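Hi everyone, thanks for coming. I'd like to take a few minutes to walk you through one model, so please have a look at the screen.

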Amino acid sequence: MEQFEPKLVAFVCNWCTYAGADLTGTSRIKYATNVRIIRFPCTGRIDFMLISKAFANGADGVIVSGCHPNDCHYTSGNFHARRRWMSFNAMLTFMGIDPERIIFSWVSAAEGAKWADIVNQSVEKIRKIGPFTEYQKLVQSGIEEENFNG
Amino acid sequence: MTPETKIIDRVALDKLYESLKAAGNKMFAPVFRNEQTDFEYNPSAAEISYSHIQTTQSVKNTVFPKIENLFRFESGQKSVELVQIDFTKVPRVIVWNAHPCDAAAFSALDAVFNWDYVDEIYNARREKLVVIGMSCIKADENCFCTSVDLGPGSVKGSDILLTPLANGKFIAEILTDLGKSIADENASLFTASNGENKEEVLAKVEKHFSHEKVTENLKDGFENPFWHEFSLRCIGCGACAYVCPICTCFDIQDESKAGNGRRLRCWDSCGFGMFTLHTSGHNPREVQSQRWRQRLMHKFSYQPDRNEFIGCVGCGRCSRACPVDMNILEQLVELEKIEVAAK
Amino acid sequence: MKLGIYPGCSLTGSARDYNESVFAIAEACDIQLEQVPDWNCCGATAAHNMNKELSLALPARILAQAEKVGMTDIVIPCAACYSRLMVTQHELNNDPVLKNRVSEIIEMDFKGTTAILNVVQMIDKYVTPVLKDKIVKNFSHKVACYYGCLMVRPYKVLQYDQHEDPQGMDNVIRLLGGTAIDWGYKVECCGAGLTMSKTEIVGMLSGKIVKDATRRGAQAIIVACPMCHSNLDMRRPAINEYTKEKMDIPVLYITDAIGMALGIDEKKLGLQRHFVPVKMAEYIPPVPEPKKPKAKEPINNL
Amino acid sequence: MSSASNHEIHVDNSLSGLILKHTEVPVQKCYQCGKCSAGCPVVNEMDYPPSLLLRMLQTGTPEMEEKVLRSYSIWLCLSCEQCISRCPMEIDIPKMMDYLRQVSYKKKMVNPKAKDIVRFHKAFLDSIKNTGRLYEIGLTLDFKLRSMNLMQDLTTAPSMIAKGKLGLFPEMIKGTKHMAKIFAKTTGLKSEDEK
Amino acid sequence: MSRIGVFVCHCGENISATVDVAKVADDSSRLPGVVHSVDYKYMCSDPGQTLVKEAIKEHNLTGVVVAACSPRMHEPTFRKACATAGLNPYLSEMANVREHCSWVHDKGEQTTQKAFDVVRAMISKVSNNGALEPIKVPVTKRALVVGGGVAGIQAALDIANCGHQVILVERSPSIGGHMAQLSETFPTLDCSQCILTPRMVEVAQHPNITLYTYSEIESVDGFIGNFKVKIRKRARNLDEDLCTGCGLCTTKCPQKKIPSEFEQGLGFRPAIYTPFPQAVPNKPVIDHDNCTYYKSGKCKVCEIVCPTKAIRFEQEDTILDVEIGAIVLATGFDIKRSDFFPEYGKGKYKDVIDGLQFERLASASGPTQGMIRRPSDGQIPKKIVFIACAGSRDPAKGIEYCSKICCMYTAKHAMLYKHKVHDGEAHVFYMDIRAGGKMYEEFVRRAIVEDHVNYTRGRVSTIYELDGKLIVKGADTLLGAQAVEIEADMVVLATAGIANDGSEELAQKMHVSYDEHKFFAEAHPKLKPVETNTGGIFLAGACQTTRDIPDSVSMASGAAVKVAALFSSDLLTREPIVARVNRIPGPSHSTCVGCFMCQPVCPYQAIEREEIKDRAGNVIKSLARINEGLCQGCGTCVALCRSKSIDLLGYTDNQMHSEVLSVLEEAFV
Amino acid sequence: MDNLRKKAKELLESKTVDLVIGYENGTNGKARAVFIKDPEKTGKLIYDDRCKQNLAVYLNKHEVKHYGKIAIVAPLMVMRSVLVLVSECQLKPENIVVLGIGEDGSLLDFPSLEVVEKYIAKIPLGNPEPDQVIIDKLNAMSMEQRREFWQNELERCFKCYACRAACPMCYCLRCTVECNQPQWISAPAHPLGNLEWHQLRTMHLTGRCVSCGDCGRACPLNIPIHLLTMQQAEEAFHMFGVRAGTSQKADSALSTYKPDDKENFIL
């Protein structure tokens, strides 16, 4: 059987994790190809709606990563983000959407190896959980046309 | 055709339902679920509710669904291609057990969707629609069909109208050719009528106001302080419009991914603040009182003017659904009494 | 000028003299004092020591009684009562639930809108403006004004005067032509509620006060509280026991001092009821200041 | 930089937790500067100075809490409010003392040296309960009887009467029934007319 | 429709070894909106850049995507290339196919697919990019130092020694600050003035430093590199060029009994005065409130005696307009005075003094020539009580913090006293001793052990006077809170250090943030201790929090380096990545509802309130507005805004949304 | 009730307020909102168990705001809503008089919002008992069961936005669902659009919901959506110690932070 290859999107901040991922590259540490990185100025900029959008558009997992607490380039963006993720997580859990598909992490500009680890672990984890079909099913159902076309 | 009257008992009625369903018709019948009664597609005969006074939602979903595709599109590198909907695939839908108010509402919808623009998709659905009505033997304080020229036993809009009798049987009035064809196909299920009188069992619904008077009062009532006074309580949600059998406001949206997608329409409400917002930033109905006025004027003044019917069948759903007790009957009674503002 | 008055229990008994002098100066200044109808005891220290709700209900009933007859301002000569009523009004105004609870206990409406004045505030507001023309004899004595605890504390509630060094009575004395000394026991406690149960402690606390005033050459201690007065005046035996010498400095109410300056008959002021005899009239010019070593002035370095 | 600064003090079932709950006095805030003890007029008579009481409560141990409730200090406190007026942490010690006294009394842990004080308070309250106002001779006699200390004040009373400072008959207010009700509702006892 | 060019770099073999770059370029060329797509060996090389430039012109590109290394590496390179070819540089984006792709994956289809996905996402993003103009700021290479205490002096000298112009503004008539008032300094006990005055003179003589004393900041406009500052130079009533500082006027002035500010009220000065003998500049000022001439129109003795005829009675304040590139705030601190303490006499006892007053008493140049005498009668006190934490760590008095310097100077005071009055008793009431610093703890131990200073742990409740003695009532908490009563001759309060008078007003003028105690706020408590959140304004010394001399001096040098770094180039370019609140036509003006929940989120105080008024001037709406000079572009407010009324240029909702959507398109892995 | 009417009358007569918002007897035995300008009409005011609507929703309504200074009959949830609205600059403290209603239905006298804050500080806040019971039940379910539950419930939603309209905290001029550049939320009432809409509403009310339950009551289809925001209110309290509507200056849960916020899922 063909192995399931999950799609992951990574939302990362420019100053820590993006730079950390650059370091992974310069250190030539290999990791899984299943991730696509999107650069944000700060974790504080990451709207929870973007995570929803990623899932609605076919992502099986999302990695969110930024500076360690107290290391934010903008002093407090990651603290605000952390509260947002805590709330978002709580909400998803309550709605029965297992937040394990969202992997949050702090990766500093010096943690190239940690970034590779995070990606590999995340890909493995999502691979184990399987494709996010429930969510994608939602996308297509419910239109009357589907009703009368059977 | 000349209407004829027959009798059908409950067991036969269920059989009729199942056979229509088995024949590939999409059945739309009321079911009690989640503490309320509402129409659903293809429930089993046993699930169908016959004891409710009114369903939460109307039956307009059968011809004017809350979401429907208008067309699909696919884009290549240089151009976009439209894929039209094949209306011939619209299935026959049988509305089962609709109260006379709901049945009557279809004629209002017909008028709206064929007024200045003939709405193909609506008509495609409408042509395939059969209405099996059910007279009301119960009513509540929100019902006012008699005030809008209808009644608990009104036959308007039904192909067959059933009326439950005390003995558990139903009077079946076969009203249209369509109705007759159904009755004929299942003739064995019906028995002859013995002159049972449906008026005896019908619910008593008091006539609360004269809609002609309301319409007349509204003619010069645009600037009436009434609107402000009576709409202060309104919070501007769309509950009334969404449950209304006649409200037809809709929104058109495109949904696409990677250049492919569909154009669809979905319900909207004139009660929403941004419904009439112009790109310029101007909003002709800026405050809720203007929007509430629009709702009542549209139903009781503009539509009588334009389409010669009132946009209301007295089903009372809006009053029941309203979270803040904007009771339409109460307001219509007031509007009948109100002095036309001095010109 | 009409004002409400809540005398409190002691003014009908052990502090009858205070009551007399308050009414005497009010009369002299055309102030009509009208008692809060059917007033009750405020509960004093005992109530809040033993039972919180009671300690609020008793004062609330008094205020409600005043509200009922439309009194907007009431004077409370007793500092202890003043403090209790102020605290009650403050606490209830800040806690609507408690307010409802207390209203229910007293079975009366309680609004909490009464303006409550202590005696010095009353003097400031209504007596001082007319005083100048009425003084017949300067009260040219050197005295120690004693405020005690409850007229100035809790400051957050009372918001009256500078709580560590109040000046209200001192100003009145100066206005009367007298001298108010600066001393160390202005706002120390006299022993108050322990007067009956722990007399020896009261003797010590009051003794310190009396001794300091005497030592600094004051001719009288001026008070505005019946409890302070009874502890400093009546508890002389206990005080003397503590100080090991006989203290004969008289204790006057601030209203006594005003009354004397206005030339009101001493009997009418109730001076004869004080335990330590008041012979202020006999005192002629104050004792000269003890000579201090000549101050060396700081040197200007320019 | 902004951060929410609602540092809440944890309420538990220790005595200090109960104090916080019932009086909103935050015992844990005390950092033992001793300013309350320094200014307390009766500190030398106390078995534990106020700041020490706070420290004992902070420990939260049953032994210390019992010591506090059995202490003489809580009864000796004059409620003169000197401590709170100077406390850097705005800990309302008198309010706390009120509460401790009520607990100590309810749990029958009143320090033997303070029995007089309790008797006086009770006599005082009884006097108000019955007449609405304080009847000083009655109170004095009542208290003397309760404390069995008949000789004390024998010297002052007659001269008070002579000076007109003690009324021989109690003054009754009109609303005595009302007063009884207030007492009944606040103390949970039945008033006379309800019996 | 966008016209986008895609440029895929081989980076030698760095990328092409694992990614099929030709396929990426080819696939990209088929995407909607792409009109040109090539691959090349070294995109960042000159010929590579030329490829980009020529394509822009040839194909009239509206957007450029360079698939190469990390944007953190070469984004500026390609933006610059675009700009030279006439394309707005913010219409170019980089797809990171090296660090994030070729270097971390093995050769294979998936790696190529990933590279393509990333390119496609960037194409999608760039088609939503807007042309942005970088915020370019010319730098005026002149610094303003506000405050002439030791921190201001140090900062001014350091910047001036880097070769830049410095304007030093000091509010009082002389520089020197609090350090000039101190007697000796801990822990070395060396003479404060001896080490400070040479530096003061250096300031006055430095060719790069312009000194304005007796002057204040009137207003500050502009932003980093370009501040426009108005300085109010108060009238000294003196022709400063003519005045030689001979001092004749001050000796002849008939008004002699004015309490001296410098001496903390313990000494006197005339109405025309220099604050202290070593003042810089050594030129007097006339104190209008106390001058006989200004009060009654007569006198003019100073004018008559002045040998150079330098007195100018009619002189008025002048306002100087200066252009400034960077500002160092070194406004220092103040202390609570003894009248702040009701329980300690509220200032009515002359012999209850504060620490600065004691410094003057102990100073050899002070009013008593260094003899410790008590202010009331000049007697030498035999017993002094020092009270530490007077006001500090006292939330009831509104000061929760530890003032940090008092433990040390109290030990110093007690020690100085014991050194001068050998038979005297020194008592210290303290709560904790905080002596963290080189040789500090040793210093305190010396006071206790060698100089027999009596330390009692507890706070003093009250002080009152009796027979010329001060009765100090305290408690010894180490003895179970036993009451302690001391009859002292003098009491010295180590009063809390507080923000300088007027610092709030100054902060508002400067648009720098300040904490609840009005101390100026640093940009980051650990990593940006000398920066403020306002670009181009730096902090030095005790205006940020109370601190001692060595700390103040090091901070000043730090701030000076920040200024010098800023001045090292002529032009300051700021990325136009800033947030913006939307504007819509009509009565709503913006979808912003003015909940201002974004305000606490912004670390830079860049979110302001804008009031929309109707023609009659009535406020009809309050909106959030971003100050683009202050915004640093983190975007936290954008994600928080519920009505989506704020967007971040360069990372707009549209850009990010389309990037997310397109990165997930079709074949993914 | 008499006290309430008396107080309302006093306020209108003395022109302390221009409008009183309270409850009156509605149609068919319901209670509903009433707006009184005329002191003589204060007799209409009622307060009883039927008075469940969160009247604070009207404070941001254009036509109501227009009246000027308003007194509002305020059981606990209204008081809390008022504080939230003040803290979010939607209401000026000087324009509101709170006619507090105690837990026992008695009129509470609030001379100022500070006193309201003090009052609320003493009351144990949380979700109404019956709702919390359901929340606890849901929490006890498996993730799968919960998903099914919500999917079934939310599928029915037809997006009439009664939940939004009934909520005092949903006062945006333009809701995120109305944004179309980009289109954050699918506008149609299909399962995805519904899920997105309710997630958005829940997140936007995190730390701002006062657990009045009006969104759920307003839903004509009886979807228990109030459980979502109520659960978040509880979470905000557990995670951040923040309860909405306890202070006029409240820092809301998501616009502030503590450096030591505790979580257990960030790697």
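This is a predicted model: local features need pLDDT of at least 70, side-chain atom pairs count only at pLDDT 80 or more; totals for chains, interfaces and linings use all residues.

Let's start with chains C and D. The contact draws on 60 residues of chain C and 56 residues of chain D. Between them, about 5,200 Å² is buried, and carbon and sulfur atoms account for 57% of that. If you look at chain C's share of the burial against chain D, C:Asn49, C:Met50 and C:Met196 together supply 14%, more than any other three residues.

How many salt bridges are there between chain C and chain D? There are three. One to zoom in on pairs D:Arg86 with C:Glu164, where the closest N and O atoms are 2.6 Å apart.

Which helix of chain C gives the most to the side that touches chain D? That would be α2(C), with seven residues.

Chain C has an open one with four strands, in the order β6-β5-β7-β8, and the pairing is parallel. At its edges sit β6 (179–180) and β8 (251–253) of chain C, each pairing on one side only. Further in, β5(C) and β7(C) run parallel and are joined by three bridges; C:Ala144, for instance, has C:Ile221 in β7(C) as its bridge partner. Finally, α10(C) packs on this sheet, touching β7 and β8 of chain C, and its direction makes about 165° with that of β8(C).

How values were computed: Residues are numbered from 1 along each chain as its sequence is written. Chains are lettered from A and ligands numbered from 1 in the order in which they are written. Side-chain values use heavy atoms; hydrogens and water are left out. Contact means heavy atoms within 4.5 Å. Buried area is the accessible area (1.4 Å probe) that two parts lose on being put together, summed over both. A salt bridge is a side-chain nitrogen of Lys or Arg within 4 Å of a carboxyl oxygen of Asp or Glu. Helices (H or I, at least four residues) and strands (E, at least two) are DSSP runs, numbered from the N terminus. Two strands pair if DSSP finds at least two bridges between them. Axes are lines fitted to C-alpha atoms, for helices over the stretch in contact, and angles run from 0 to 180 degrees between N-to-C directions.
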